[in-house]
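I am opening my notebook on a structure that is new to me. Let me go from the overall fold to a few side chains.

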Amino acid sequence: GINAEYMGKDKNRKQGHDESRHVNFLRQMQKVNMDTEPTGWYRSSFYGYFINPQLVREHYLFQKRCNGAVLLVYDPYSTCTGRLALRAYRLTDAFMKFLDGNKLSAGEFQKSNIDMHTVFEELPIQIHNSHMVHAYLYELRERKTTGWGHDDRLRCDFDRLYMEQSSRIVNDLRALGTSIEHYLFEGAMWQKWQRDAYHQRRRRDKEITERQAENQTRRMKNLPELPIDDIKRKYPPVEDPDRLGAALVTAQINQYCGSVSDNISQALSKLCVAQGLNGDVR
């Protein structure tokens, strides 16, 4: 199994309070004979949204301290519709080395061959129930088959054939549209930087050309030349903007596209099963 350590996100709390709360939490786990070795942390995901720069930086620090640290992402909304939406992720080794360089420019992304597929890697999850849980499930099954302690709430014959998937797909498409807008904003900011850098280079090159022509005239008059370095210092090279946000937006778009595809596939499968049942009834 995977034990998750919860990392609070409330920035208003002091670090000392967080550490004491963490220590108390581990002590309580030790009292009930639970494994207290931290192997990662978890967070809830609403409509599949969880990839953002803040999460990546937090997990980078966690994975830096513990190489085997994982991130558990739990989607309560998807779980309510009949499937356990629980996934485990970790940053790839290539992306960890890339973040060590502290340069997140577009050129560094291309040089390191980093894209949306090389940020996170998904890990398989195996869930093991304790003996008490197995006993409880056996008791529920006996109640249903023998009628002992019969309860209508235990009936779940058709729960898995719940056909309503439109709301989830609509929410995914709406979130996908929002992510595309964020991507377009990142692209607009990148184009603005390119325009600003281009105009600065043009102004610098123009002044250098004028200074060189003036120095040529001064040489003909046996006058000292004017320095060119002051012009270069006047127009320092513009640093590339941080492209981590754009890379993570594309990764989030990929997540939404996968979610839409999965939901549509499940809806079509349930529809085919329902059509088969209707045919058998007739």
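I began by reading along the sequence, where the protein chain follows the pattern α-β-α-β-α-β-α-α-β-α-α-α-α. That gives nine helices and four strands. I keep in mind that this is a predicted model.

Next I looked up burial and contacts. Of the 282 residues in the protein chain, 27% are buried. Among contacts between residues at least 6 apart in sequence, 73% join residues at least 24 apart. The chain exposes about 19,600 Å², and carbon and sulfur atoms supply 54% of that area.

Then I turned to the aromatic rings. How many aromatic pairs does a search of the whole structure find? I noted six. One of them joins tyrosine 89 and phenylalanine 120: the ring centres are 6.0 Å apart and the planes stand at 70°, so I wrote the pair down as edge-to-face. The cut-off behind that word is an angle over 60 degrees. This pair links distant parts of the chain, with tyrosine 89 in strand β3 (residues 86-91) and phenylalanine 120 in strand β4 (residues 120-123), 31 residues apart. Are tyrosine 89 and phenylalanine 120 buried or exposed? Both are buried.

My last entry is about the surface. Tyr74, Leu84 and Ile127 form a nonpolar patch there, with about 290 Å² of accessible area together. Tyrosine 74 belongs to strand β2 (residues 70-74), and its relative accessible area of 30% makes it partly exposed.

Methods: Residues numbered from 1 in each chain as written. Predicted model: local features only at pLDDT ≥ 70, side-chain atom pairs only at ≥ 80, totals over all residues. Heavy atoms only, no water. Patch = residues over 30% accessible without salt bridge, like charges linked within 9 Å, V, L, I, M, F, W, Y side chains within 5 Å. Areas by Shrake-Rupley, 256 points an atom, 1.4 Å probe, with all protein chains shown as cover. Salt bridge = Lys/Arg side-chain N within 4 Å of Asp/Glu carboxyl O. Helix = DSSP H or I, 4+ residues; strand = E, 2+ residues; numbered from the N terminus. Buried < 20%, exposed > 50% of the residue type's maximum accessible area, 1.4 Å probe, protein only. Phe/Tyr/Trp six-rings, centres within 6.5 Å; stacked < 30°, edge-to-face > 60°. Contact = heavy atoms within 4.5 Å.
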